[in-house]
Number of protein chains: 2
Amino acid sequence: MVESSAPRRTRIQLEKRELILEAALEVFSTNGFRGSTIDQIAEAAGMSKPNLLYYFRRKEDIHETLMQRLLDTWLAPLRELDDIGDPLTELRNYIRRKLEMARDFPRESRLFANEILQGAPRIMPMLEGELKTLVDEKANVIKGWMRAGKIARTDPWHLIFSIWATTQHYADFDVQVRAVLGPDRGGDGRFEDAARFLEQLFIDGLKPKN
Amino acid sequence: MVESSAPRRTRIQLEKRELILEAALEVFSTNGFRGSTIDQIAEAAGMSKPNLLYYFRRKEDIHETLMQRLLDTWLAPLRELDDIGDPLTELRNYIRRKLEMARDFPRESRLFANEILQGAPRIMPMLEGELKTLVDEKANVIKGWMRAGKIARTDPWHLIFSIWATTQHYADFDVQVRAVLGPDRGGDGRFEDAARFLEQLFIDGLKPKN
DNA sequence: CAAATTTTTGACCGGTTGGACAAACGTTAG
DNA sequence: CTAACGTTTGTCCAACCGGTCAAAAATTTG
């Protein structure tokens, strides 16, 4: 097999490309793709625009590279959802891991949200392919738990959606969450509060115990 | 009291301004503020760019007007949440109304999401003022229900967040939802499925009944 | 060292964008 | 009819943006 089209990279290439991707993540996630300029990214990366374009020849290339990396790590928690172990515990852990990702990687979450909001023009094939396959697979795992009476019967797909929605909300709508909670409760503790609340919601719902 | 600074408007002014706002909602909600051009909005409204600028002197003025209108209708369901009636029913109705809004006004939802995602630069005062006041007030209503043993004790603020997140998800992440559900289940029925699922989630959680 | 290669930069370009402006057009009231 | 007023448009501009290019600077290689 021939050496494919993957360009060979020097040490500097690798380092600078990382620098640019880090800067681009910051800029893209707060301004969106069209709202961000190459100059902004270059300045955030501490280099001139033509220099940046030496490492990524087009603005879209940066975004694409960023997106490819993101998707792998972003779906890792769902991939880990496994049939071994207690179902309720397994789901609780999935929710916790997703919430930790919203806390630790809010920029990645916003980058993804931005892309989806605008109709996912650049990652549509991946949504209909890789993502759908993964979700269908995990939905079947959850269906098995329901048939075994381990968790209540409900729609597994919408269950997954609701976990995505509630956890990513703390990254994507962070400013709103902090504004509403106020300076007292909007501090670092809000993720622990959210974790406690979500666990209770997903396990027991709102019906009083009696 | 003197006639305040509100400009007087002719019939045509009122009609054309509506036309522009409708077109701008369409364009802004799919491309974001910076991603939208005055030309796009003008074309969607069926007029020339200078003509549009005769009715709104700056691009930002359109966005601001749109945002002000949005916020009133957007928070209406929460305002209706009332102390009269059965708490669980009241919450169930709130969730249903919010989900209907995600179904019937997805553009408004995306416009709002776009603004929050970018750090809410134009509506921050409203989040810390009007919105926080309203949410605090309703959180106290919910707290009353908890004290009375009508619903399980939990964090009312995060409860409200979770309702926002799960319902708006079906507007903001619509393309992802449809891609994952596929052509069979991603059709018009998805909102009924979501309504059923969310009701069960919020009332009973996932713990099996036995 | 010197040659070869990689990296960095300033200057530049064509296209787009938000917005200004004056002139043309249409409408209405006297 | 005509003057006044409201509406529409073609033209123009300065700023911005993505991207090119050639040449300079730095680094690696022999």
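This dialogue explains how to read several features of a predicted model with chains A and B.

User: What kind of model is this, and which pLDDT limits apply?

Analyst: It is a predicted model, in which local features need pLDDT of at least 70 and side-chain atom pairs count only at pLDDT 80 or more, while totals for chains, interfaces and linings use all residues. Residues are numbered from 1 along each chain as its sequence is written, chains are lettered from A and ligands numbered from 1 in the order in which they are written, and side-chain values use heavy atoms, with hydrogens and water left out.

User: How many residues does each chain bring to the contact, and what area do chain A and chain B bury between them?

Analyst: The size of an interface is often given as the accessible area lost when the parts come together. Buried area is the accessible area (1.4 Å probe) that two parts lose on being put together, summed over both. Here chain A and chain B bury about 5,800 Å², and 66% of that lies on carbon and sulfur atoms. The contact (heavy atoms within 4.5 Å) draws 68 residues from chain A and 66 residues from chain B. Of the area that chain A buries against chain B, 14% comes from A:Leu117, A:Val180 and A:Leu206, more than from any other three residues.

User: How many residue pairs are in polar contact between the chains, and which helix of chain A gives the most residues to the side that touches chain B?

Analyst: A polar contact is a pair of N or O atoms within 3.5 Å; within protein, one must be able to donate a hydrogen and the other to accept it, and residues adjacent in sequence count only if both atoms are side-chain atoms. Between chain A and chain B, 18 residue pairs are in polar contact, both residues being at pLDDT 80 or more. Helices are DSSP runs (H or I, at least four residues), numbered from the N terminus. Those of chain A that each supply at least two residues to the side touching chain B include helix H1 (11–35), helix H5 (87–104) and helix H8 (156–172). H8(A) gives the most, with 12 residues. By class, this side of chain A has 32 nonpolar, 21 polar and 15 charged residues; Ala, Val, Leu, Ile, Met, Phe, Trp, Tyr, Cys and Pro count as nonpolar, Asp, Glu, Lys and Arg as charged, and the others, Gly among them, as polar.

User: Where do A:Asp136 and A:Lys132 stand relative to each other in helix H7?

Analyst: A:Asp136 and A:Lys132 are 4 residues apart in helix H7 of chain A, and therefore separated by about one helical turn. Their salt bridge has its closest N and O atoms 2.8 Å apart. In helix H10 of chain A, A:Asp193 and A:Arg196 are 3 residues apart, again about one helical turn, and they form a salt bridge at 2.8 Å between the closest N and O atoms.

User: Is A:Asp174 buried or exposed, and what does its side chain contact?

Analyst: Buried means under 20% relative accessible area, exposed over 50%, and partly exposed in between (1.4 Å probe, protein chains only). A:Asp174, in helix H9 of chain A, is buried, with a relative accessible area of 9%. Its side chain makes a polar contact with the side chain of A:Arg190 at 2.8 Å. By contrast, A:Arg196 counts as exposed at 56% relative accessibility.

User: Which residues have the most contacts inside the largest nonpolar core?

Analyst: A nonpolar core is a set of buried Ala, Val, Leu, Ile, Met, Phe, Trp, Tyr and Cys residues joined through side-chain atoms within 4.5 Å. The largest has 140 residues, and those with the most contacts inside it are A:Ile20, A:Phe202, B:Ile20 and B:Phe202. Leaving aside neighbours within four places in sequence, A:Phe202 is in contact with residues including A:Ile95, A:Leu159, B:Leu201 and B:Leu206.

User: What is the phi of A:Ala120, and where does this residue lie?

Analyst: Most residues other than glycine have a negative phi. A:Ala120 has a positive phi of about 55° although it is not a glycine. A:Ala120 lies in the loop between H6 and H7 of chain A and is buried at 0% relative accessibility.

Definitions and conventions. A salt bridge is a side-chain nitrogen of Lys or Arg within 4 Å of a carboxyl oxygen of Asp or Glu.
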